[in-house]
Amino acid sequence: MNAMPPLGEPASEPVATSAPGQEAAQEADRPAAPLGPGRETLHYAVRNPKLLIGLGVVTVLLLTGLFGPFLLDGADPHAYSGTQAAPPSGENWFGTTTFGQDVFAQFVHGLRATFLVGVIGGGIAAVIAMLVGFFAGYRGGVVDEVLTMFTNIVLVIPSLAVLLIVNAYLGVRSVPVQGLFIGLTSWPWAARAIRAQTFSLRTRDFVDLARLSGSRTWRIIFREIAPNMSSYLFMTFILLFGGAILIASSLDFIGLGPTDGVSLGLMLQSAQQWSALQLGMWWWFVPPGVGITAVVGALYVANVGLDEVFNPKLRES
Amino acid sequence: MRRYFARKLLVYVLTFVFAVTVNWMIPRFMPGDPVSAMISRARVSQPEAVEAMRAYYNELFGFDRPVWEQYLHFWGSLLQGDFGLSIWVFPQPVSSVILGALPYTLALMVPAVLLSWFVGNWLGALAARRKVLDNTVLPAGYLLTAMPYMWIAVLLAWLLGAKAGWFPVSGGYSLDIQPTWTWHFFTDALHHWVLPFLSLFLVALGGWAIGMRNMIIYELEADHSSYLSALGAPQRLIRRYAFRNAVLPQITGLALQLGVLVAGALVTEIVFNYPGLGSLILAAIQNRDFFLLQGTFLFIVIGVLIANFIIDLVYVVVDPRTRTGMAGGR
Amino acid sequence: MTLTVDDLRVHYRTLRGDVRALDGVSFTVADGEILGLVGESGCGKTTLGKSLIRMDGRMRHIGGTVTLDGDDVPVGDDRAMNAFRFHRISLVPQYSMSALNPTRRIGRMVRELLASRGVSVDTGELHRRLALVGLGPEVLERYPIELSGGMKQRTVMVISTLLDPSLLVADEVTSALDVSNQKAVAHALVGLRDRGLVTSMVFITHDLALTSHIADTVMVMYAGRLAEKAPAGVLTTAPRHPYTRRLLAALPEAGVRRSQGRLSGIEGSPPSLLSPPAGCRFRDRCPLADDRCAEQPPVVEVAPRHHVACWKA
């Protein structure tokens, strides 16, 4: 749902382009820098609590999603195995649904789907955003006008509304297809941000040099421009990743989720559909919500940590 | 100024054309004969409805005619306000079904969006000033933005509705009364409105607070703030300037977040069974009422475009640079 | 005697420890004097400039005193410094292009700034001062975005000197400009002094050629310490410190002015200021270095107004 992170674009803007004022602050640092830039980043990274906590939570959940299903002997999460509507117990850690399905088994499989849709949706959106953003920002002129116009058009249309129509008509059977459609609709804000970054980088000396030496456009973009904003691109991907998860959970909840499979959003949907709320079966709707919130929240917090690591201005205080 | 608006309007008109085109095109991607496919997928009980659907689809899409003619025809009936007949509540026209649900969605969204924006910005500005607040507002903000809208809705319904029994958790008004312009209906509707409003408000709030806090800190780090500090200007003045500058991107942010907020409102309505567009969409999906779905989609797009335009107007009033930049100079 | 800096020590806090950015610097600037401060990036010149008006959050005043017109300047006390700022010590920053708030008309910003310092605006005087740098009164009705880079620079110069400060710190004001604008700005600064709008000035730059044209005295810094200080003419014609000689030798080479900070003509790099080695800090790069340089050379006045910190001078 929160397809676009409410983090404010300019807040992370100085990441790729070191502002002139920054130089003065670093002046005292520089002669004393026996560490290379990579090692210096690592130095701050392993000391940043936000990054560590965020990544820690994401890692734990990811491992749960990856290996959890194997520990459950690959049991079918839809199997009507236990007692019906049982609260959490030693046997069913998260209790069971009205039909006797194990909530924990569904949760573990759902986490997997959540990460999968995030990777696919966020990845596709990031690729489109980079292609559009780099090309528009680097070429400028008419190319830029057209691409920016197109970006703005897609940006204004609520992506969930488009996905509703697409999913309703075409039907979405699997998580990867859902991720694909999400990726195709959620790239515009990122394209705009990357375009702005590229725009500010393209007049730099090293880019001029590459241009003068006859490098082709895409070569310059991938050899000179992209590496200089790699941290920014990575953070954009993280935000797209989190956004894709939230959109997917909304679609699942409305009833347009993948028809075969388990996901945290679908769990919420069936809990809603079968009145878990009225029946007081909190163990049915609390875990999936906690799962989504934890993954997305941890990603956002890790992102803030990354911003502090990459951006010296934010480090102190 | 005129150029600025002409440009904005162009984007909006193109967006509308794009949205209508998407709406027209997607049914065409359905495998097989689209008309039969759609009719067979629709869960229609009345035989008249099947006939009406077939007739409408044939009339609307006219698959026997050339593609450009089909497309123009689609536009023609659209501009006459003809969205077709709803299958779900056959034979009501889609437009009147939507207009009946619209007030509820607006009553939910407009206050939630505006209030969350104002309160969020205020909280964010406060957080940027005090370390203690910052350490509470920031984590709370991230927690709230990471929550799926429907989940916080479910939690509130469970805690404040089902458990505490303070608020009803379903519907826009009690089942035993009819919507009328009476005080009784109003208080009843208000009672039903609180929880959906609150859940929408809370999730949006977190985002605005974080955005504002980050923007203010960015502004306080900016050169113009350092310059004022170097000249000994009091913190009060520096913060006032920073706040003013930081509000501007938040206004743009409002326009950018509209789609997300609409999506949030839709799923929140579904949780509370609130009789707005969200519940309409759910019904349309469950009943395979494609006309209704497509009509709702276009209404949402139009609504977002209008809201965008209003925000553009506000921005021009608030940011002096847009005005002078256009009057000349630049 | 306007400004006296005595054994000033300022450290930068970093996660790796304290960087001794300014490690015991003493000098004076007389009434009406323009002191040019030169050196490579990281030599402490910017730290010195900041210390004189406003330290950033990571800087810490470790020791030493600053005196202005007989009054002690509390450089380490951000609040107490406010009394000096703008009224007695002012700044033309490196970032003049972005120093003005983009959403306020310049006139209004000046009015609000002055009001916050308890001064009312003398519109006639403001117009006169703008005219001095070739700007019309209509500038006050503009937003910064409507001004060219040069106009913004001159506007900032006017605003900064509005209260006739005793000391003006001009920090790398020319580094963002092209050569012709550099000269114009430098001369405008001299003009401010000549008209008595500022009593004296510290002009910080990495451009030794430019500073020798406008400064009365040039001070060369190296690795947080004073290397040599002499009247501009003396320093450029008869430098005593090997580092100054190398700086001068590097001058005619192309690209020196453009390279941001680092004077590429000199081999090697300055020592780490996290834990600087004992003795002369230029030792590792100095062709004349011998065993004696393991001991720190004192700053000696080798000729009237000519100070050098080198055993070989």
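Biologist: How are residues and chains labelled, and which pLDDT is needed?

Modeller: Residues are numbered from 1 along each chain as its sequence is written, while chains are lettered from A and ligands numbered from 1 in the order in which they are written. In this predicted model local features need pLDDT of at least 70 and side-chain atom pairs count only at pLDDT 80 or more, whereas totals for chains, interfaces and linings use all residues.

Biologist: What makes H8(A) and H11(A) roughly antiparallel?

Modeller: The axes of helix H8 (residues 188-201) and helix H11 (residues 230-254) of chain A cross at roughly 170 degrees and come within 11 Å. Angles run from 0 to 180 degrees between N-to-C directions, along lines fitted to C-alpha atoms, for helices over the stretch in contact. Angles over 145 count as roughly antiparallel, and H8(A) and H11(A) are therefore described in that way.

Biologist: Which residues make this contact?

Modeller: H8(A) contributes A:Ala190, A:Ala193, A:Ile194 and A:Gln197, and H11(A) contributes A:Tyr232, A:Thr236 and A:Leu240. Residues are in contact if their C-beta atoms, placed from the backbone, lie within 7 Å.

Biologist: What makes E2 and E5 of chain C edge strands?

Modeller: In the open sheet with order E2-E1-E4-E5, strand E2 (17-29) and strand E5 (71-73) each pair on one side only.

Definitions and conventions: Two strands pair if DSSP finds at least two bridges between them. Helices (H or I, at least four residues) and strands (E, at least two) are DSSP runs, numbered from the N terminus. Angles under 35 degrees count as roughly parallel, over 145 as roughly antiparallel, 65 to 115 as roughly perpendicular and the rest as oblique. Two residues are in contact if their C-beta atoms, placed from the backbone, lie within 7 Å.
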